[in-house]
Amino acid sequence: MKSLQDYTTVIRPDNNGTFVAYVPLISGCHAWGETPDEARAELVYVFEMIQEE
């Protein structure tokens with residue numbers, strides 16, 4: 001089973017002052033946070049949920 005570290009992750013500022021993190025190769029694998037670190041932590045959670053499905 002692959003881990004999130006096996007994929008390219010993009011973290012970018014959003015136009016509302018937050019940050020968006022996503023995995024381009026996995027549809028629906030995206031999250032946001034008030035900081036880049038928070039967005040990445042949320043992305044880990046989303047990735048784990050997708051892996052369970």
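**A walk through the model**

Author: Let's begin with Ala-21, which has 0% relative accessibility and so counts as buried. Buried means under 20% relative accessible area, exposed means over 50%, and partly exposed lies in between, using a 1.4 Å probe and protein chains only.

Reader: Thanks! Before we go on, what kind of model is this?

Author: It is a predicted model, where local features need pLDDT of at least 70 and side-chain atom pairs count only at pLDDT 80 or more, while totals for chains, interfaces and linings use all residues. Residues are numbered from 1 along each chain as its sequence is written, and side-chain values use heavy atoms, with hydrogens and water left out.

Reader: Good to know. Where is Ala-21 found?

Author: Ala-21 is in strand S2, which covers residues 19-22. Strands (E, at least two residues) and helices (H or I, at least four) are DSSP runs, numbered from the N terminus.

Reader: And which residues is Ala-21 in contact with?

Author: Leaving aside neighbours within four places in sequence, its contacts include Val-10, Ile-11, Ala-31 and Leu-43. Contact here means heavy atoms within 4.5 Å. Ala-21 and Ala-31 are ten residues apart in sequence, with their C-alpha atoms 5.3 Å apart in space.

Reader: How many bridges join S2 to S3?

Author: Four bridges join them, and the two strands run antiparallel. Two strands pair if DSSP finds at least two bridges between them.

Reader: Which residues of S3 are on the covered face, and which on the uncovered one?

Author: S3 spans residues 30-33; Ala-31 and Gly-33 are on the covered face, and His-30 and Trp-32 are on the uncovered face.

Reader: What about S1 and S2, in what sense do they pair?

Author: S1 and S2 pair in the antiparallel sense, over four bridges. Ile-11 stands opposite Ala-21, and Pro-13 stands opposite Phe-19.

Reader: How many residues lie between the strands of that hairpin?

Author: Five residues lie between S1 and S2, and Gly-17 takes a positive phi near 90 degrees in this hairpin. Thr-18 also lies in the loop between the two strands.

Reader: Is Thr-18 buried or exposed?

Author: Thr-18 is buried, because its relative accessibility is 14%. The side chains of Thr-18 and Asn-16 are joined by a polar contact of 2.6 Å. A polar contact is a pair of N or O atoms within 3.5 Å; within protein, one must be able to donate a hydrogen and the other to accept it, and residues adjacent in sequence count only if both atoms are side-chain atoms. Beyond neighbours within four places in sequence, Thr-18 is in contact with Arg-12, Pro-13, Trp-32 and Gly-33.

Reader: Switching to charges, how many salt bridges does the structure hold?

Author: It holds one salt bridge. That bridge is formed by Asp-14 and Arg-12, whose closest N and O atoms are 3.9 Å apart. The term means a side-chain nitrogen of Lys or Arg within 4 Å of a carboxyl oxygen of Asp or Glu. Asp-14 is partly exposed at 27% relative accessibility, and Arg-12 is partly exposed too, at 36%.

Reader: Where does the charged end of Lys-2 sit?

Author: It sits over the ring of Tyr-7, 5.5 Å from the ring's centre. A charge sits over a ring if NZ of Lys or CZ of Arg is within 6 Å of the ring centre and within 35 degrees of the ring normal.

Reader: Last topic, the helix! Where is Phe-47, and what does this residue touch?

Author: Phe-47 is in helix H1, residues 36-52. Not counting residues up to four places away in sequence, Phe-47 touches Lys-2, Ser-3, Leu-4, Tyr-7, Ile-26 and Cys-29. Phe-47 is buried, because its relative accessibility is 5%.

Reader: And Ile-50, buried or partly exposed?

Author: Ile-50, also found in helix H1, is partly exposed at 26% relative accessibility.
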